[in-house]
Number of protein chains: 2
Amino acid sequence: MPDDQPLPSPLLDRLAALLGPRGILTEAADLEPHLADWRALYRGKTPCVLRPASTQELAEAVKLCAAAGAPLVPQGGNTSMVGGGVPDEGGRQIVVSMARMNRVRDIDPLDMTMTAEAGVVLKAAQDAAAEAGCLFPLSLGAEGTATIGGVLSTNAGGNTTVRYGNARELMLGLEVVLPDGQVWNGLRRLRKDNTGYALRHLFVGAEGTLGFITAAVLRLFPRARESEVALCIVRDEAAALALFRRVRDRDETAVRAFEYMSGTGVELYRTQIEGGTVPLTGGEHYVLVDLASSRPDAGLRALMEAVLEEALEAGEVLDATIAESEAQRAALWRIREEHPEAQKREGASVKNDVSVPVSRTPELIRRSSAALKAMIPGSRPVPFGHLGDGNIHMNLQQPPGMQAADFLARSHDIMDTVNEIVRELGGSFSAEHGIGRLKTDMMESWRGGAELDVMRRVKAAIDPRGIMNPGKVLP
Amino acid sequence: MPDDQPLPSPLLDRLAALLGPRGILTEAADLEPHLADWRALYRGKTPCVLRPASTQELAEAVKLCAAAGAPLVPQGGNTSMVGGGVPDEGGRQIVVSMARMNRVRDIDPLDMTMTAEAGVVLKAAQDAAAEAGCLFPLSLGAEGTATIGGVLSTNAGGNTTVRYGNARELMLGLEVVLPDGQVWNGLRRLRKDNTGYALRHLFVGAEGTLGFITAAVLRLFPRARESEVALCIVRDEAAALALFRRVRDRDETAVRAFEYMSGTGVELYRTQIEGGTVPLTGGEHYVLVDLASSRPDAGLRALMEAVLEEALEAGEVLDATIAESEAQRAALWRIREEHPEAQKREGASVKNDVSVPVSRTPELIRRSSAALKAMIPGSRPVPFGHLGDGNIHMNLQQPPGMQAADFLARSHDIMDTVNEIVRELGGSFSAEHGIGRLKTDMMESWRGGAELDVMRRVKAAIDPRGIMNPGKVLP
């Protein structure tokens with residue numbers, strides 16, 4: 001069916017009959033929150049929003065849509081950084097909200113697993129694990145809105161990846177509705193299961209282009225009984241990496257997070273966020289070290305002090321403070337977490353979510369910052385993020401006084417400049433945010449040849465009609 | 001080309017010209033070691049064994065074979081437990097040995113990565129990591145022969161999976177020769193890279209049915225600076241699990257291995273293996289606890305003692321001994337590692353490599369043992385293995401005095417009996433050994449429906465001619 005044909009109205013009638021009044025939205029006001037991404041990069045149209053209440057309902061709806069050739073856009077918390085969860089402008093793509101499938105089906109503290117439906121909000125999953133005396137460690141800025149289906153579909157990372165891995169590593173099994181409406185029940189809670197192709201790893205990170213993740217078995221961990229957080233001013237980017245290496249080599253299992261921040265970013269926090277106090281000011285380069293252990297006698301305070309002392313003596317750390325209470329730990333973390341908000345209040349900024357081998361992180365920050373400043377005089381690089389994973393958000397703040405629109409018109413040049421350096425360093429143009437719609441046109445140059453060829457063959461094999469989230473991931 | 005047609009001799013001539021005299025074997029004596037698996041389950045035929053020296057050579061050879069429709073069987077160390085690396089009886093399947101591609105291309109102790117070719121022996125990879133001051137943690141019985149390409153293609157597990165994961169979790173990137181001879185260079189050494197489908201996870205565990213893994217980027221870890229090993233007699237299967245939970249909840253990062261052994265198996269070790277001494281005898285159920293940490297001050301001895309004391313008081317542990325030296329640690333591990341050899345010397349045995357959710361492990365051992373003993377009077381269950389992963393080798397030893405052949409004729413009944421219980425417990429019929437040729441006929445009943453449908457579509461999409469390792473994995 002050509003893209004400009006309206007959807008057959010009998011399809012909508014059938015969907016309404018199948019899903020009931022709570023299961024389908026068609027009023028303009030109801031559709032509104034589902035049409036645009038939160039970064040306001042894209043705004044699309046949809047004939048309706050489906051809200052299935054169960055896997056079976058969704059499967060039946062998908063069968064109807066597949067038969068009609070109607071394209072489908074899975075939507076979780078709609079917090080994508082790359083426009084992955086919104087329909088295009090054509091008006092044919094049907095949004096499928098997973099919001100009503102929000103049940104934690106099972107928690108087992110002995111197996112250390114949780115079975116959660118796609119629409120469970122990440123924070124709710126964390127809370128459910130905590131109530132069972134366990135930890136679900138995935139943690140990221142949007143956790144109050146992002147859903148389990150979404151974080152798995154995008155293989156989300158976040159602050160604790162250095163210790164626990166991405167969403168992928170926290171998943172043991174999946175339930176998936178395929179593009180033809182078949183239900184694959186792969187909700188196995190096994191640590192070892194070598195029985196054919198690892199399909200679950202294909203759906204994780206596929207951004208809804210191969211089917212709907214409807215539920216997942218997630219790994220849980222013992223909760224932390226001891227933790228220490230320190231804020232450090234480090235000499236330069238290389239010293240930040242040297243400090244990471246010191247902590248990691250001492251006890252890699254204790255490093256829950258290791259975050260880099262620039263002096264510019266910390267200063268933006270101090271000036272733009274209410275109550276934004278910073279115990280150490282005047283640095284050019286900051287690092288947040290977060291250590292945690294399930295042992296109550298892990299001796300993390302001594303470990304932190306020993307490492308910082310060594311690094312101070314080596315001239316890598318110039319100043320450091322260790323939080324003395326839970327409140328102080330939260331206050332230090334706030335400096336890092338409010339970076340996006342502080343940037344927003346300061347004016348326009350362009351975001352880059354890139355990664356390099358951990359060893360090349362200093363070079364990435366140094367070279368990108370210099371290139372960006374040379375490219376747009378007066379612009380201010382605000383690199384921050386997960387140095388322990390080699391994943392730096394190489395963001396750029398507009399020059400003071402420049403028109404936001406003029407600055408944002410340079411977005412693609414800015415991304416290209418950073419990406420050229422990333423490529424030279426053997427890195428990736430999308431570390432944790434995925435491709436969505438924003439980066440599809442970069443796939444050919446970065447993943448072209450054999451890799452994209454195989455991806456396209458897999459897509460055609462699993463979704464031959466091409467109805468799953470068209471226009472996302474693959475160019 | 002029908003299966004019973006001989007391969008065109010021009011193909012062999014072209015392969016010989018391409019690979020040179022060291023790159024192709026055709027003499028019967030040279031082919032011999034490549035025709036049968038080490039368990040002697042299968043014995044096949046091959047017109048030649050290819051031994052490419054480089055990825056490029058292999059790619060060119062694959063192009064020639066693809067054009068001629070010649071089926072290919074990748075072979076690493078040929079230590080498959082399920083006949084995954086040997087040709088069938090038809091005489092057309094060409095064995096491709098990866099033995100000459102055995103270079104460690106790169107080790108980076110800062111990135112904590114190693115790039116190794118497929119033919120690198122696992123032990124050699126471990127040694128290379130150790131020389132660089134790091135740890136490559138994958139460890140299994142066949143490590144002196146098994147290769148990196150093989151352990152990745154089968155997603156091997158082993159003793160340390162409870163702490164470090166399977167081979168899959170130790171892999172960051174792959175280089176693959178596809179079934180059409182294209183080379184995919186996915187040797188990225190990134191901790192985060194969300195750029196389309198995770199193809200690397202498709203090739204890992206595919207047992208060579210989707211292409212040749214030619215090289216991989218592997219994750220390294222800080223080496224252990226402290227370790228403790230204890231052997232315990234536990235009250236019963238449930239007490240073994242309770243002890244695991246105690247240690248894990250105290251410090252899950254310290255548990256390097258947690259292995260269950262039956263009294264029968266320990267007694268076989270004592271009587272069948274030279275120097276097979278056991279410090280604690282007379283138990284019905286044994287557990288080997290191995291704790292390790294990269295911290296030199298981890299306090300593992302105190303942790304081990306505290307946990308064992310609690311478990312003794314709770315009546316879960318009946319007796320325990322902690323090794324006092326490296327030699328004693330090795331001696332305790334030997335009890336577990338010599339289980340297969342001791343079983344072999346005692347007579348015929350049937351192996352089962354199954355997994356269940358960790359919480360169901362006691363039930364698996366108890367119910368399977370009872371069912372097997374009832375089925376074949378006088379037979380002796382020898383369950384052992386990775387209780388911390390829910391992966392028990394539910395092996396059965398022949399009754400004394402019975403003819404080996406008569407016992408082995410019951411192999412399928414024995415496997416079926418165990419698998420029926422495994423299915424009821426939500427487990428898997430292949431935990432870490434894979435499917436190979438031995439278990440293909442179980443795929444339909446265990447993974448049939450949507451799952452097998454998607455696997456078949458993926459296979460057809462990536463290997464449309466069906467030349468990669470035919471007869472393995474997919475029924």
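Let's start inside the protein: Cys232(B) has a relative accessibility of 0%, so this residue counts as buried. Here "buried" stands for under 20% relative accessible area, "exposed" for over 50%, and "partly exposed" for whatever lies in between, using a 1.4 Å probe and protein chains only. Its counterpart in numbering, Cys232(A), is also put at 0% relative accessibility and counts as buried.

A quick word on the ground rules. This is a predicted model, where local features need pLDDT of at least 70 and side-chain atom pairs count only at pLDDT 80 or more, while totals for chains, interfaces and linings use all residues. Residues are numbered from 1 along each chain as its sequence is written, chains are lettered from A and ligands numbered from 1 in the order in which they are written, and side-chain values use heavy atoms, leaving out hydrogens and water.

**Two copies**

How do chains A and B relate? The superposition is by least squares on the C-alpha atoms of residues with pLDDT of at least 70 in both copies, and contact means heavy atoms within 4.5 Å.

**Around strand β12 of chain B**

Strands here are DSSP runs (E, at least two residues) and helices are runs of H or I with at least four, numbered from the N terminus. Two strands pair if DSSP finds at least two bridges between them.

Strand β12 of chain B covers residues 226–234, and nine of its nine residues are buried. In a regular strand, side chains alternate between the two faces of the sheet. On one side of β12(B) sit Glu226(B), Glu228(B), Ala230(B), Cys232(B) and Val234(B), on the other Ser227(B), Val229(B), Leu231(B) and Ile233(B), and all are buried.

Which strands does β12(B) pair with? One is β14(B) (residues 285–293), antiparallel over eight bridges, where Val229(B) stands opposite Asp290(B). Another is β15(B) (residues 317–322), antiparallel over five bridges, and there Cys232(B) stands opposite Ala320(B).

**Another covered strand: β6 of chain B**

Strand β6(B) (residues 113–117) has five of its five residues buried, so it is largely enclosed by the rest of the structure. Thr113(B), Thr115(B) and Glu117(B) lie on one side, with Met114(B) and Ala116(B) on the other. In the hairpin of β5(B) and β6(B), four residues lie between the strands, and Met112(B) takes a positive phi near 60°.

| Strand pair | Sense | Bridges |
|---|---|---|
| β5(B) and β6(B) | antiparallel | four |
| β6(B) and β10(B) | antiparallel | five |
| β8(A) and β9(A) | antiparallel | four |
| β2(A) and β4(A) | parallel | two |

As for facing residues, Asp108(B) has Thr113(B) as its bridge partner in β6(B), and Met114(B) has Leu218(B) in β10(B).

**Two open sheets in chain A**

Five strands of chain A form an open antiparallel sheet in the order β5-β6-β10-β8-β9. Its edge strands are β5 (104–108) and β9 (183–186), each pairing on one side only. From one strand to the next, the twist averages 15°. Within this part of chain A, Val176(A) stands opposite Trp184(A) in β9(A).

A four-strand open sheet of chain A runs β1-β2-β4-β3, with mixed pairing. At its edges are β1 (24–25) and β3 (72–75), each with a single partner strand, so one side of each has no neighbour in the sheet. Val49(A) has Val95(A) as its bridge partner in β4(A).

Which residues touch the most other members of the largest nonpolar core? Among its 191 residues, they are Leu243(A) and Leu243(B). A nonpolar core is a set of buried Ala, Val, Leu, Ile, Met, Phe, Trp, Tyr and Cys residues joined through side-chain atoms within 4.5 Å. Leaving aside neighbours within four places in sequence, Leu243(A) has contacts including Cys232(A), Val234(A) and Phe258(A).

Val354(A) belongs to strand β17(A) (residues 353–355) and is buried, with a relative accessible area of 1%. Not counting residues up to four places away in sequence, Val354(A) touches Leu364(A), Gly390(A) and Phe429(A), among others.

Key. Axes fitted to C-alpha atoms, helices over the stretch in contact; angles between N-to-C directions.
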